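Let's take a friendly walk through a protein model together. Have a look at the picture first, then read on.

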Amino acid sequence: MAKILTHAYFNRPTLTVARSLVGKYLVRENGTSAIAGRIVEVEAYVGTEDKACHASKGRTARTEVLFGPPGISYVYLIYGMYHMLNVVTERAEFPAAVLIRAIEVGDELIDGPGKLCRELNIDRSLHQIDLTQGRSIWFEDRGRRVSRNRVGTFPRIGVDYAGLWAKKPWRFRLLEEDGCTYRSRRQPKQKGKSL
């Protein structure tokens with residue numbers, strides 16, 4: 001039976017939440033139907049010292065949500081065209097979040113946070129909503145456990161400006177049985193650059 005992830009789930013250390021989200025489901029409801037995708041890849045952003053975290057520049061109107069309670073969405077736009085979905089983690093006043101980078105819907109891998117948001121129709125209208133309420137968008141545990149050795153750790157992507165912080169192994173991705181990086185069982189419908 002599917003269980004919606006609670007505030008308590010997200011009110012834990014960000015790296016713990018990030019690793020444990022691999023294998024959980026992201027559910028997006030669009031009025032008449034819902035799409036559920038198994039989470040394949042995430043990235044963690046932790047505190048003001050993390051130069052890759054938006055909160056490293058201070059508390060601003062944009063980053064205020066990161067200082068709020070856990071389980072809240074942080075959706076922002078990059079390059080003026082790609083939305084990114086994050087979930088706030090840890091206690092209020094400590095800015096941290098997990099970026100959802102890839103999901104699998106059926107046999108299709110939706111790889112890249114911008115593509116994921118485009119495919120699921122996620123935009124700024126879903127910014128700063130409670131992801132633990134089971135409305136519009138939420139996370140589910142469907143009871144399928146992913147063993148620790150099936151979750152690989154890698155440096156984060158696209159944050160070279162953060163110097164040594166970019167090299168932190170805070171990107172978590174599902175691995176195949178043989179230890180290789182997870183890939184779709186069939187080719188994605190559209191080819192192109194993943195963000």
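Where does the sulfur of Cys 53 find its closest cysteine sulfur? That partner is in Cys 117, and the two sulfurs are 17 Å apart, so they are too far from each other for a bond. A disulfide is a covalent bond between the sulfur atoms of two cysteines. To be counted as one here, the pair of sulfur atoms must lie within 2.5 Å. A search of the whole structure, which is a predicted model, finds zero disulfides.

Are these cysteines buried or exposed? Cys 53 has 3% relative accessibility and counts as buried, because buried means under 20%. Cys 117, at 2% relative accessibility, counts as buried too.

Now for the pockets. This table sets two of them side by side.

| Pocket | Volume | Nonpolar lining residues | Polar lining residues | Charged lining residues |
|---|---|---|---|---|
| Second largest pocket | about 240 Å³ | three nonpolar | five polar | six charged |

The largest share, four residues, comes from β4.

The second largest pocket is lined by 14 residues. Nearest its centre lie Arg 19, Ser 20, Lys 24, Arg 145 and Val 146. Here the largest share of the lining, three residues, comes from helix α2, which covers residues 14–21.

Finally, a word on confidence. The chain has a mean pLDDT of 91, and 90% of its residues reach 70 or more. Over residues 186–195, however, the pLDDT is below 50. How many contacts does this stretch have beyond near neighbours in sequence? In the model there are 17. Where pLDDT is low, the predicted coordinates should not be read in detail.

Key: Residues are numbered from 1 along each chain as its sequence is written. This is a predicted model: local features need pLDDT of at least 70, side-chain atom pairs count only at pLDDT 80 or more; totals for chains, interfaces and linings use all residues. Side-chain values use heavy atoms; hydrogens and water are left out. Buried means under 20% relative accessible area, exposed over 50%, partly exposed in between (1.4 Å probe, protein chains only). Helices (H or I, at least four residues) and strands (E, at least two) are DSSP runs, numbered from the N terminus. On a 1 Å grid over the protein atoms alone, a cavity is a set of points where a 1.4 Å probe fits but cannot get out, and a pocket is an open set with protein on both sides within 12 Å along at least five of seven lines; lining residues have an atom within 4 Å of a point. Grid points are joined across faces, edges and corners, and a volume is the space filled by probe spheres set on the points. Ala, Val, Leu, Ile, Met, Phe, Trp, Tyr, Cys and Pro count as nonpolar, Asp, Glu, Lys and Arg as charged, and the others, Gly among them, as polar. pLDDT is the predictor's confidence in each residue, from 0 to 100. Contact means heavy atoms within 4.5 Å.
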